[in-house]
Amino acid sequence: MKADGFDELIHAPTRLSIVSLLAATEWADFKFIRDSLDLSDSALSKQLAILEDAGYLQIRRAFVGKRPRTSARLTRDGRSAFDRHVAALQALVAPSGRSVAKR
Amino acid sequence: MSTVEPHDAARSLADIRQAQDAVVAAVAIPGWYWAAVALMTLVVGVAADDGRPAVVGGAVVSCVLFVGAATIALIFGLLRRPRIHHDLLGRDGALTIGVFVIAVVGSSLAIGFGLRTAGIGRPATVATAVTAAELVVGGPLVMRRLTRIMRSNSAGTSE
């Protein structure tokens, strides 16, 4: 079963967690995402690159002193796609009688 | 194309909430900050009632340094954490913060000036003691309410 707005790219578990986390933030630091989701540097970099290529993500690379600092945020398209995906998931759950209403 | 069953969708929504809860937990102001600000507020109040310039000056400088250091430590901690999206806090969150600030500052001024007008001794000490209590008790309560608001505004929880 699929609902309108369901996004295959976002739905992959690791990417879903990354996008969910970023949807709650303006910008999030690479380390914060990595540590929050318990991912390796390479796994996170790979998923960020996929999301960036899809236009869902903007990545900012800066230096704080001599240390590189990478941050990411959802683009407007990414945020819209995520909102539609959440709505699609809720539509899938609703017929089964499970509540997804506010806690 | 694979299909997604309702129980898979429900699990995905739970994963979304879990990821967003990590953000909400990360931006919470720690309890020690409220206690630090409360303590220094009280120190300034006691010094103000003492009235000696050296005591008042010393208290104000200590307060600025101590609260400044605590705030810098807090901000540095928060800088390593994400900046939350404004949708998460929403109007209720902004209103909660505004009401708390107005209540704390307003009650402190009202009590302080009220006691002084009534000629009751040590008005600044009493006023700042009340403010300190409001910060220590109210700060974490406000933070708890903000956490609840942010969680209820998280994706996957709205209808």
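Leaving aside its neighbours within four places in sequence, A:T25 is in contact with A:R73, B:V23, B:P82, B:R83, B:I84 and B:H85, where contact requires that two C-beta atoms, placed from the backbone, lie within 7 Å. The model is a predicted one, in which local features need pLDDT of at least 70 and side-chain atom pairs count only at pLDDT 80 or more, while totals for chains, interfaces and linings use all residues. Residues are numbered from 1 along each chain as its sequence is written, with chains lettered from A and ligands numbered from 1 in the order in which they are written.

**Around A:T25**
- A:T25 belongs to strand 1 of chain A, strands being DSSP runs of E with at least two residues and helices runs of H or I with at least four, both numbered from the N terminus.
- Because 24 C-beta neighbours lie inside 10 Å, A:T25 counts as buried; the term applies to a residue with 20 or more other C-beta atoms within 10 Å of its own, whereas 12 or fewer make it exposed and values in between partly exposed, with C-beta atoms placed from the backbone.
- Strand 1 (residues 25-29) of chain A pairs with strand 1 (residues 83-84) of chain B in the antiparallel sense over two bridges, pairing being assigned if DSSP finds at least two bridges between two strands.
- Within that pairing, B:I84 is the bridge partner of A:T25.
- Strand 1 of chain A is also joined by two bridges to strand 3 of chain A, again in an antiparallel arrangement, and here A:A28 has A:A72 as its bridge partner.
- The C-alpha atoms of A:T25 and A:A72 are separated by 9.5 Å, although the two residues are 47 apart along the chain.

**Helices and nonpolar cores**
- Helix 2 of chain A is largely enclosed by the rest of the structure, because nine of its 11 residues are buried, among them A:V19, A:L21 and A:L22.
- The largest nonpolar core has 42 residues, and those with the most contacts inside it are A:V19, A:L21, A:L22 and A:F82; such a core is a set of buried Ala, Val, Leu, Ile, Met, Phe, Trp, Tyr and Cys residues joined through C-beta atoms within 7 Å.
- The largest share of this core, eight residues, comes from helix 1 of chain B.
- A second, separate core of nine residues includes B:W34, B:A38, B:L42 and B:A47.
- A:L22 touches A:A28, A:A72, A:R73 and A:L74, not counting residues up to four places away in sequence.
- The buried residues of helix 5 of chain A, including A:F82 and A:H85, pack against helices 1, 2 and 4 and strands 2 and 3 of chain A, together with helix 1 (6-26) of chain B.

**Chain B overall**
- Chain B has five helices and one strand, which follow the pattern α-α-α-β-α-α along the sequence.
- The C-alpha atoms of chain B fill a box of roughly 80 × 30 × 20 Å along the principal axes, and buried residues make up 28% of its 159 residues.

**Confidence in chain A**
- Chain A averages a pLDDT of 87, with 88% of the residues scoring at least 70, on the predictor's per-residue confidence scale from 0 to 100.
- Over residues 98-103 of chain A, pLDDT stays under 50, and the model has 16 contacts beyond four places in sequence for this stretch.
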